[in-house]
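Good morning, and thank you for coming.

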Amino acid sequence: MVRRKLLVFSAIWAMALYTTSAGAEILIGVAGPMTGKLAWFGEQMERGAGLAVADLNAAGGVLGQQVRLITGDDFCDPEQAVAAARKLVSDGVIFVVGHYCSGASIPASAIYEAAGVLQISPSSSNPTLTELGRANVFRIQNRDDAVGVAIGNYLADSWPDNNIAILHDNTAFGRVIAEEAKKQLNRRGLTEAIYQDYVPGKADYGTEIAELQAADIAVAFIGGYHPEIGLMARLARDRGYPVQLIAGTNMGTEEFSLIAGPATEGTIFTDHADLRERAEAAPVVERFRASGFEPEGDTLYAYGAVQVWAQAAEKTGSLELQAMIASLREHQFDTVLGPIDFDEKGDLTVQSPAWYVWRDGGYLPLE
């Protein structure tokens, strides 16, 4: 019931937020999993981009024009991502915040490239997204190879004498981050006791937890999404099995605690930095909270993506794609994320994974 009320409130809030005055409009899109098991992240992106658009319009718009946001639902699925991208292109958007999942962003990026649409993802981390060399593609998220190195080092530094397992869900996100963690662990002279994939979307992961317990695994890194990791954490606790679970990005959401319950306690994960305590983000955070929405996860990153786009346009004085690409590569931008700039591939020049641990029903920086 609470979830349903939130969705209803979100719809009402969005309708009011995205209404702009009559006249010339710039159309931009936000694309992600607005339905399905990862819909909470889609809503974060929609909320973040929506408030950024509202703030731009209140300040006079971009290059003297009001901005209107159109939402695309990709269900975190490659085929649906292509369909959503084509729909946004046909609607006339010139810029897209998204997508959330790498497996959606990568195929969608080809559609945007062909149509001359700029894409900035606040969350897709698979290296392939920017390694393909599409000039229209940028992201404000750490790459999985950088995160994987950090995870491998953390495992090697903290559990050199214990049995280590690395699992992944075989998605573009989970598989790559697990592969990179394994490579770095092996470079450090350690070999994992178990390295295997699991099937996402199952209702029970008892077999996987039993295998870890039988192999006396002390710590397991799981490359995947929070619904499955939450189920695994809960099953391990129910068995009285004190395995230390470590995860990659997307764990900073209340839905993880709703799934895992008390088993969230002690779960460690690495992610992009939580921006809510940054001075640059304080006014935006206050407005979100005043509306009854907590801007966790990717909310502020989506807001920042819109900020970057708007500032790039103002700096170059044009919305033309090549001018925008040049502006994004040449300038630094002041955002809720702090100052950021991009390299020639469209990645952040500074890759800075942060570590967190779940304690007492919430998460805080790992010390």
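Predicted model: local features only at pLDDT ≥ 70, side-chain atom pairs only at ≥ 80, totals over all residues.

Residues are numbered from 1 along each chain as its sequence is written, and side-chain values use heavy atoms, with hydrogens and water left out. Helices (H or I, at least four residues) and strands (E, at least two) are DSSP runs numbered from the N terminus.

Let me begin with the disulfide. A disulfide is a covalent bond between the sulfur atoms of two cysteines. Here the term is applied to a pair of cysteine sulfur atoms within 2.5 Å. How many does a search of the whole structure find? It finds one. C76 is joined to C101, with an S to S distance of 1.4 Å. The link of C76 and C101 is left-handed, with -105 degrees about the S-S bond. The pair connects distant parts of the chain, 25 residues apart: C76 is in the loop between strand 2 (66–73) and helix 3 (78–91), and C101 is in the loop between strand 3 (95–98) and helix 4 (102–115). C101 has a relative accessible area of 3% and is therefore buried; buried means under 20%, exposed over 50%, and partly exposed in between, with a 1.4 Å probe and protein chains only.

H99 lies in that loop between strand 3 and helix 4 as well. The peptide bond from G98 to H99 is cis, with omega near 0 degrees. Most residues other than glycine have a negative phi, and most peptide bonds are trans.

I turn now to helix 3 and helix 4. Their axes come within 8 Å and cross at roughly 30 degrees, where axes are lines fitted to C-alpha atoms, for helices over the stretch in contact, and angles run from 0 to 180 degrees between N-to-C directions. Helix 3 is therefore roughly parallel to helix 4; angles under 35 degrees count as roughly parallel, over 145 as roughly antiparallel, 65 to 115 as roughly perpendicular and the rest as oblique.

The axes of helix 11 (residues 282–290) and helix 12 (residues 299–316) come within 12 Å and cross at roughly 125 degrees. Helix 11 is therefore oblique to helix 12. V284, V285, R287 and F288 of helix 11 meet T299, L300 and Y303 of helix 12.

Next, two residues. Is S123 buried or exposed? S123 is buried, at a relative accessible area of 7%. S123 sits in the loop between strand 4 (118–121) and helix 5 (128–131). Leaving out residues up to four places away in sequence, S123 touches M45, H99, Y100, Q141 and D298. L129 is in helix 5, and its relative accessibility of 1% makes L129 buried.

Phi of L63 is near 50 degrees, and L63 is partly exposed at 31% relative accessibility. D216 has a phi of about 55 degrees, and D216 is exposed, with a relative accessible area of 56%.

Terms used: Contact = heavy atoms within 4.5 Å.
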